[in-house]
Amino acid sequence: MTAPSIQCAVLGLGRLGFYHAKNLLTEVSGAAIVQVIDPLPGRAKDVAQAFGVPGYSDDVLDAFANPAVDAVVIVTPTRTHAEMIKLAASYGKDVFVEKPLTLQLDESIEVVKAVQEAGIICQVGFMRRFDPAYADAKRRIAAGEIGKPLYYKGFTRDAGAPPPEFIKDSGGLFVDCSIHDYDIARYLIGAEITAISGHGQVLKYPFMEAYDDVDQALSYFEFDNGAAGDAEASRNSPYGYDIRAEIIGSEGSLFIGELRNKSLTILNATGSSYEIIPDFQTRFHDAYCLELQHFIDCVRSRNTPIVTAEDATTNLKVALAATESMKNGKKVVLQPQASL
Ligand SMILES: NC(=O)c1ccc[n+]([C@@H]2O[C@H](COP(=O)([O-])OP(=O)(O)OC[C@H]3O[C@@H](n4cnc5c(N)ncnc54)[C@H](O)[C@@H]3O)[C@@H](O)[C@H]2O)c1
């Protein structure tokens, strides 16, 4: 007999929430959506009708109070995540939540405690861990194919700046973008970041100065196993969405990711060209589907997800330290993980 589907509610139906809802319905096995929620007038009803979802509401409380809901997928603005996870914990609902978990470290620690005390599953949307290339890199490092991993080098380049309404609540470039590099670097190197220095400037989008943010940044970090790394983050790559990484090991290196969208090169009288990956949904489609599948599988098996609220808290701590370092011009030494 097949096990019943995990009944989900999707909270927040914007850019990513709509996409997650679609993936949950079409690409993930063992999941159903019973309710979609968004406060924008008409949004939840429209999405429910488009996807054939039986329930919709403009109030998140409806999902938490709904006994038919096993798990919530939180894709609302970052400032709302922590309260929603604590509510989910109080109602015993499992949680998939987008990154970053929150913008405040104390709040993130409170969320970790609430999740632990309630015994719910909480997976955070650091999807690079599920991308086939990064996941293969993890397996090959574990198999010793490049010897001891010594250095992580990451690029996170966005094709352009998001609008001011997003930037004002994003937490800044390190918290919004480099946080993905900190997470995957910790995962691939298999160690914790103990010190970081951050640097950044506004090179292209002067409106960012009003939000104390930058459009180009670099962080350099040291790990507790002696490895090191750096991560560049940028809003300035009009050619496309450019996410790559290199792991340098004692016996070899791994290059992860590429610019090319399809395996097609066009050659004509003006030269040769190829299409570059345009956006995050194109680059990470498999990863976004696989992370949701992993979440559903963990809800069913009660196994701990491979990326947790504790990881999200550590990643936030690193990103906030990079931001602090950029502002005061000094390297920040991080307290050991045990203090979480
Ligand atoms: N993993 C990734 O690569 C990635 C990529 C993009 C965005 N994100 C994260 O996803 C989250 C959402 O980002 P987005 O770009 O989809 O934002 P968005 O602004 O496009 O959508 C947010 C939606 O949430 C709704 N909303 C606002 N308050 C709500 C509430 N209290 N209850 C329910 N719905 C509410 C809004 O009406 C909107 O439809 C953010 O935390 C962002 O950092 C992650």
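Predicted model: local features only at pLDDT ≥ 70, side-chain atom pairs only at ≥ 80, totals over all residues.
Local features are given where pLDDT is at least 70 and side-chain atom pairs where it is 80 or more, whereas totals for chains, interfaces and linings use all residues. Residues are numbered from 1 along each chain as its sequence is written, and side-chain values use heavy atoms, with hydrogens and water left out.

The ligand is surrounded by 23 residues, of which Arg15, Asp38, Thr78, Glu98 and Tyr288 are the closest; a residue counts as near if one of its heavy atoms lies within 4 Å. By class, this shell holds 12 nonpolar, seven polar and four charged residues, where Ala, Val, Leu, Ile, Met, Phe, Trp, Tyr, Cys and Pro count as nonpolar, Asp, Glu, Lys and Arg as charged, and the others, Gly among them, as polar. Domain 1 (6–128) and domain 2 (129–288 + 315–339) each contribute at least three residues to the shell, the bounds being those of an automatic or database domain assignment.

Polar contacts (pairs of N or O atoms within 3.5 Å) to ligand oxygen atoms involve a polar backbone atom of Lys99 at 3.0 Å, a backbone N or O atom of Gly14 at 3.4 Å and a polar side-chain atom of His180 at 3.4 Å. The protein buries 82% of the 860 Å² that the ligand exposes when taken alone, with accessible areas from the Shrake-Rupley method and a 1.4 Å probe.

Most peptide bonds are trans. Lys99, however, is joined to Pro100 by a cis peptide bond with omega of about -15°.

Definitions and conventions:
Polar contact = N/O pair within 3.5 Å; in protein donor to acceptor, adjacent residues only side chain to side chain.
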